[in-house]
Amino acid sequence: MISVKGLEKAFGTNLVLKGINEEIEKGEKVVIVGPSGSGKSTFLRCLNLLETPTKGEIWFEGQEITAPKCDINKLRQKMGMVFQHFNLFPHLTVAENITLAPIKLGLQKAEQAQETALRLLNRIGLSDKADAYPPQLSGGQKQRIAIVRALAMNPDVMLFDEPTSALDPEMVGEVLELMKELALEGMTMVVVTHEMGFAREVGTRVLFMDEGMILEQQKPDAFFANPQNPRLQDFLSKVL
Amino acid sequence: MVPGLANIFTSMGDYLYEGLIEQDRWLLLLKGLGNTVIIALFATLIGVVIGILVAVAKVAASQNRKLRWLGMLCDLYLTVIRGTPIVVQLLIMYFSLFAFITNAIPVAIITFGINSGAYVAEIVRSGIMAVDKGQTEAGRSLGLTQSMTMRYIVMPQAIKNILPALGNEFIALLKETSVAGYIALMDITSASNLIRGRTYNNAPLYVTALTYLVLVIGMTKALGYFERRMAKNDQR
C-alpha cells in the first residue's frame, strides 16, 4: 500500500533521514519507536508530504506521490493523520471540525456530513459535545475527536504522530482504546509512539529508528523479547 | 483676558450662531461630514481587500520559491506606500496619475485605500503568522487545498487575533482623511476651515473635532462588540 524507496530528508545541512526503504501492506499496524530526534516523526510526515523529501520515492496505492505532477490533495484524502497536539480548529464547533473537509471538498452534502459526524461522535461517546468548541474539551476528548475527524474522510491508512505524548496520563488510555478499536476493524495504521504496551499489543510490526535509519524491525514479540541491535537493546533497557 | 477666550465665555450663543447657523453654514459642515464618511468607508473596504491579498501573497511567496517575484512586488508596494507621506501620495494621484479624473472624491478613496492597504497587509500578515502551523498541517492533511486551508482555517483565526490592531488602523484612517482638502475636496475638516477663513469664527473647528470624536467612539464600541462576539468560543 505504501512503498518507500531510498528516502532522504535534510533540513539545511542536517540529514534527518538517511535512506529509508520500507513497504507497508494493507491491514498492517506498523509501530515506529526510537529515541527523540531519531527521525520517526519526519519519516511519518514524509508519507503524506507534510515534509518534502530531499531524495527518494514514496508510492501510495500505486501512485508516486513524490512525482511533481501528483495531486497530493487527492491522495491526502485517503491518508488520515493524527497529531501530537490534536490541531483541532478552535474557531469551529466539534461537529464543524469533522464536517469541514468532507463538505468543502464536495464529498458529502451538509446534512449527510452532519449525520456522519454525529454517528462518529456517538461512537466515541461525545455526541453531546457536537456544538462545543475545542477549547472547552479535555485533551483526551480533543484527541479522540481529532481521530474521528480524520476517519470522516474514510481514509485507507491512518498516520499517528505521537498521539498520546501531549496528554495527561489519565487520558492516554481512552485514546489508545480508540486506536485499538480501529486496529481491530482492520484499519492500516502507522503509529509513531512511546507507548511500548501499545506497540506490543496492537502492532503487527515494530520498527526501531535511530539517527535517521531503521535499525531493526520485528514482530512485536521478537522485537521486545529478543532485540538484536545493541542500540535497540540499550533503548529498550531504558524505556521498559 | 485673551480675546478669543472672552469671546467664548461672553457670547457663546452669538459665536455658535455665527459659525454654524448663519447662512446655513452647518449645511456645509454636514456635506463635508458626508464626504469624510464616504471616503473613509470605501477606503477602508479597499484597504482591507488589498491588505488581505497582499498579506496572503507575501505568505505564499515566503513558502514557495516560484512566487518570489510576487513577494518582491508586495515588498515594493509596502516600501513605497509606507515610505512616503499620505499628502504627497494624494497630490501625485490627483494632479498626475489620475489627472484625467476631475472628481476628487474617487481619487481620494483610491489613494486612502491603497495607503491603508499597506498597513492592513502587515497587520494581517502578522495575524496569519501567529496562527499555529499545526492548523495548516491539519487542514492540508485532510486533503484541503492551500487556499481552502487559508480561507476556512487560518484566516478566521488570524482576523480574530488582529481585530484590535485592525480597529486602530480604521480609526487612524478615518482621521487621516482630514488631509483630503489638499485636493480641492470638501471634507468636514476643509469645510470647517473654509468657514473659519471667511468668518474668523473658530466654532466649526470645535464642532468638527467633536464630530470625529463621536465617530471614533462609535467605531471603538462597534469593534468591541465584534471582539466579544468572536471570543465566544474561548470560554472554557
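**Exercise 1. Describe the open sheet of chain A: what is its strand order, and which strands stand at the edges?**

Step 1. In this predicted model, chain A holds an open sheet of six strands in the order 6-7-8-3-9-10, with mixed pairing; strands here are DSSP runs of E with at least two residues, and helices are runs of H or I with at least four residues, both numbered from the N terminus. Two strands count as paired if DSSP finds at least two bridges between them.

Step 2. Strand 6 (79-82) and strand 10 (213-218) of chain A each have a single partner strand, so one side of each is left without a neighbour in the sheet. From one strand to the next, the twist averages 20°.

Step 3. Inside the sheet, strand 3 (residues 29-33) and strand 9 (residues 205-210) of chain A pair in the parallel sense over four bridges, and Val33(A) stands opposite Phe208(A) in strand 9 of chain A.

A note on conventions: residues are numbered from 1 along each chain as its sequence is written, and chains are lettered from A in the order in which they are written. Because the model is predicted, local features need pLDDT of at least 70 and side-chain atom pairs count only at pLDDT 80 or more, while totals for chains, interfaces and linings use all residues; side-chain values use heavy atoms, with hydrogens and water left out.

**Exercise 2. Characterise the interface: how many residues does each chain give, and how many salt bridges cross between chain B and chain A?**

Step 1. Chain B gives 22 residues and chain A gives 25 residues to the contact (heavy atoms within 4.5 Å).

Step 2. The rule finds one salt bridge across the interface, in which Arg45(A) meets Glu137(B) with the closest N and O atoms 2.6 Å apart.

Step 3. On the side of chain B that touches chain A, helix 7 (133-141) and helix 8 (146-176) of chain B are the elements that give two or more residues, and the largest share, eight residues, comes from helix 7 of chain B.

Note on methods:
Salt bridge = Lys/Arg side-chain N within 4 Å of Asp/Glu carboxyl O. Axes fitted to C-alpha atoms, helices over the stretch in contact; angles between N-to-C directions.
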